[in-house]
Amino acid sequence: MSRSYVTLLFSCILISLCFPNSSAQTCGSQSFSSNTVYSTCVDLTVLNSFLHWNYNQTASTAEIAFRHTGTDDTRWVAWALNPSSQSMAGSQAIVAFYNSSGVVHAYTSPITGTGGTTLDEGTLSFGVSGISATLENGEMTIFATLQLTDSLLSTNQVWQEGPMSGGAPIIHSTSGDNMRSVGTIDFTTGQTSAGGGSITSRQKKRNIHGVLNAVSWGTLMPMGAIIARYLKVFKSADPAWFYIHIACQTSAYIVGVAGWGTGMKLGSDSAGTQYNTHRNIGIILFSLGTLQVFALLLRPNKDHKFRLYWNIYHYAVGYAVIILSIINIFEGFKVLDGQKNWRTAYTVVIIVLGCIAVVLEAFTWFIVLKRKRVGSDKHGANGANGVNGYGARTNHAEV
């Protein structure tokens, strides 16, 4: 009997040495007094925190339960989504603390800054319902249902805890784990990551989609149009301008098709309606761009009787593609929410291209009018000759 006892004791010691954290709490072992079962949960990296949720794809909602252990009635707890960055500033938070009335108070708080944050009550940028919280056995749990926009399906999350003073939350610690309690969350896939700028696969696809389309439809296409309209005025640039124009537009179309493909995949993975305008314009752009490619193959010679009609078609479709591209890129920024740096960068690109076009437009008209005046002078002095005919032909063809 004593030998069996020794064996059992030795086994327990061995298990405790090999698995020192086997008794540590994980989200999978947690249950709720309401008997609610959550399909997805994650152990957050710091601050003894856990997140449980049920994602409803049809309604685009997430029923969440955020649990923080090892706390008491002298501390506050908060969990937030932040579409703009991995920080408290800009966070859309749900806060809970044990108030002076002897009950747990839970509410929403949009956080606009970092210094001296007071966690004032306010309305968030997205819908929140069913907010409540409990404090039991040293565990604070916040319950809520979030109405998620497409941009929030995969975004940044922040969680915090701090002390109370005078019945109100005061600033949390600005060192250690309190500065590392950030990461990303994808409600649809259940993937999360720790802070440091990590992003989910869905965010990477969105970023790739945005870059491909901004570079192709939004930048290369306008550049190709500028080259075609203004370089051909210079006789020395003929026919180089044509080949540069073709190379630019073809590259834009190839890259744009890749961007369109990633966009269609992202759209098929989303059940929301936020993409409708952006997606529909993208389909129109792809169709018009494809027509332009086929039009290039059917381009008649300069002296063909249908060349005039082809030119009208080519210019009309080309400018329509450019205008729709710019509009759709800004529609894409709306979907991304919070990507102000991208919007600003692309706005600068468009302003620069616009300024270049204005300067070249003025210079082009100066060259054309000068040639027309020189041609008229020569025509008056020498009669109708080839120079004036060339000049007149240039006027109609180049502008």
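Predicted model: local features only at pLDDT ≥ 70, side-chain atom pairs only at ≥ 80, totals over all residues.
Strand β1, residues 40-43, runs antiparallel to β2, and 4 bridges join the two. Within this pairing, T40 stands opposite W53 of β2. The hairpin formed by β1 and β2 has 5 residues between the strands, and in this hairpin L47 adopts a positive phi near 65°. Strand β2 also pairs with β3, residues 61-69, again in the antiparallel sense and over 8 bridges. Here Y55 has A62 in β3 as its bridge partner. The hairpin of β2 and β3 has 4 residues between the strands, and S60 takes a positive phi near 55° there. Strand β2, which spans residues 49-56, is mostly covered, with 6 of its 8 residues buried.

The largest nonpolar core comprises 28 residues, of which L51, I64, W79, L146 and F187 touch the most other members. At least two residues of this core come from each of β2, β3, β4 (75-82), β5 (92-98) and β8 (139-147). Strand β8 gives the largest share, 4 residues. The surroundings of F187 can be listed in detail. When neighbours within four places in sequence are left aside, F187 is in contact with W53, Y55, A62, I64, W79, L81, L146, L148, L152 and L153. Another core, of 13 residues, lies apart from the largest one; W76, M88, A93 and M164 are among its members.

Aromatic rings were examined next. In the whole structure, 13 aromatic pairs are found. One of them joins F306 and Y309, whose rings lie 6.5 Å apart, centre to centre. F306 counts as partly exposed because its relative accessibility is 47%, and exposed means over 50%. Y309 has a relative accessible area of 55% and is therefore exposed. Elsewhere, F32, Y38 and F143 are linked into a cluster by ring pairs.

The last part concerns the annotated segments. An unreviewed UniProt entry lists residues 208-228, 240-261, 281-298, 310-330 and 345-369 under "transmembrane region". In the model, the chain over residues 208-228 is 100% helix and 0% strand, and its end C-alpha atoms are 29 Å apart. Over residues 281-298 the chain is 94% helix and 0% strand, with 26 Å between the end C-alpha atoms.

Notes. Residues numbered from 1 in each chain as written. Heavy atoms only, no water. UniProt positions renumbered as here; feature names shortened; annotations may be inferred. Phe/Tyr/Trp six-rings, centres within 6.5 Å; stacked < 30°, edge-to-face > 60°. Buried < 20%, exposed > 50% of the residue type's maximum accessible area, 1.4 Å probe, protein only. Pairing = 2+ DSSP bridges. Core = buried A, V, L, I, M, F, W, Y, C linked by side-chain atoms within 4.5 Å. Contact = heavy atoms within 4.5 Å.
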